[in-house]
Amino acid sequence: MNSHFTDEGCFDLVRRLLPPAQSESMQQHLQDGCQRCNELYNIWKTIAEVTGREVFYEPAEQAVRVAKAVYATRHRQYILPMRVLRSNQKSATGGGARDNTT
Ligand SMILES: [Zn+2]
């Protein structure tokens with residue numbers, strides 16, 4: 001392989017998505033010591049490792065339920081009264097415009 005890696009090609013190499021011949025050619029290029037491509041390879045390898053781990057960061061179902069319940073409570077306590085307050089202020093100033101914010 002005479003040319004340097006592209007980001008896409010390097011990311012595919014890291015994820016082992018390339019045909020064997022292309023993969024071997026690129027591995028040889030790395031072993032030949034191309035500093036630029038080795039740096040690129042290491043960057044994409046790190047990214048693949050981190051994004052691969054993201055799967056394990058799925059929040060627990062119970063935590064999602066609690067978060068939604070808290071949000072719903074806060075929404076009723078703070079946001080809805082503020083809408084009424086704003087609506088009343090507009091009425092008092094004779095603005096007459098409806099509050100369409102959601
Ligand atoms: Zn290179």
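Is the crossing in which helix 1 passes helix 3 right-handed or left-handed? Helix 1 passes helix 3 in a right-handed crossing. Please keep in mind that this is a predicted model. The chain has four helices and zero strands, so a walk along the sequence reads α-α-α-α. Here is a short tour, beginning with the whole chain and ending with two single residues.

**The chain as a whole**
- Of the 102 residues in the chain, 8% count as buried.
- Among contacts with a separation of 6 or more, 58% are between residues 24 or more positions apart.

**The largest nonpolar core**
- Eight residues form the largest nonpolar core: Phe5, Cys10, Leu13, Met26, Cys37, Leu40, Tyr41 and Trp44.
- Helix 1, residues 7-14, and helix 3, residues 35-53, each contribute at least two residues to this core.
- Helix 3 gives the largest share of the core, with four residues.

**How helix 1 and helix 3 pack**
- Two packed helices are described by the angle between their axes and the distance between the axes.
- For helix 1 and helix 3, the axes come within 9 Å and cross at roughly 55 degrees.
- Helix 1 and helix 3 are therefore oblique to each other, since an angle of 65 to 115 degrees would be needed to count as roughly perpendicular and one under 35 degrees to count as roughly parallel.
- On the helix 1 side, the residues that meet helix 3 are Cys10, Phe11 and Val14.
- Their partners in helix 3 are Leu40, Tyr41, Trp44, Lys45 and Ala48.
- An α-helix has 3.6 residues a turn, so residues three or four places apart point the same way.

**Helix 2 and what follows**
- Helix 2 covers residues 20-31, twelve residues in all.
- From its first C-alpha to its last, helix 2 reaches 16 Å, close to the 16 Å expected at 1.5 Å a residue.
- After helix 2 comes Gly33, whose phi is positive, near 95 degrees.

- Glu24 lies in helix 2.
- Glu24 counts as exposed because it has 12 C-beta neighbours inside 10 Å, and the cut-off for exposed is 12 or fewer.
- Glu24 and Leu13 are eleven residues apart in sequence, and their C-alpha atoms are 9.5 Å apart in space.
- Arg16 sits in the loop between helix 1 and helix 2.
- Arg16 has a positive phi of about 60 degrees, although it is not a glycine.
- Arg16 also counts as exposed, because it has 9 C-beta neighbours inside 10 Å.

How values were computed. Residues are numbered from 1 along each chain as its sequence is written. This is a predicted model: local features need pLDDT of at least 70, side-chain atom pairs count only at pLDDT 80 or more; totals for chains, interfaces and linings use all residues. A nonpolar core is a set of buried Ala, Val, Leu, Ile, Met, Phe, Trp, Tyr and Cys residues joined through C-beta atoms within 7 Å. A residue is buried if 20 or more other C-beta atoms lie within 10 Å of its own, exposed if 12 or fewer, and partly exposed in between; C-beta atoms are placed from the backbone. The expected span of a helix is 1.5 Å times one less than its number of residues. Axes are lines fitted to C-alpha atoms, for helices over the stretch in contact, and angles run from 0 to 180 degrees between N-to-C directions. Angles under 35 degrees count as roughly parallel, over 145 as roughly antiparallel, 65 to 115 as roughly perpendicular and the rest as oblique. A crossing is left-handed if the near helix is turned anticlockwise from the far one by less than a right angle, and right-handed if clockwise. Two residues are in contact if their C-beta atoms, placed from the backbone, lie within 7 Å.
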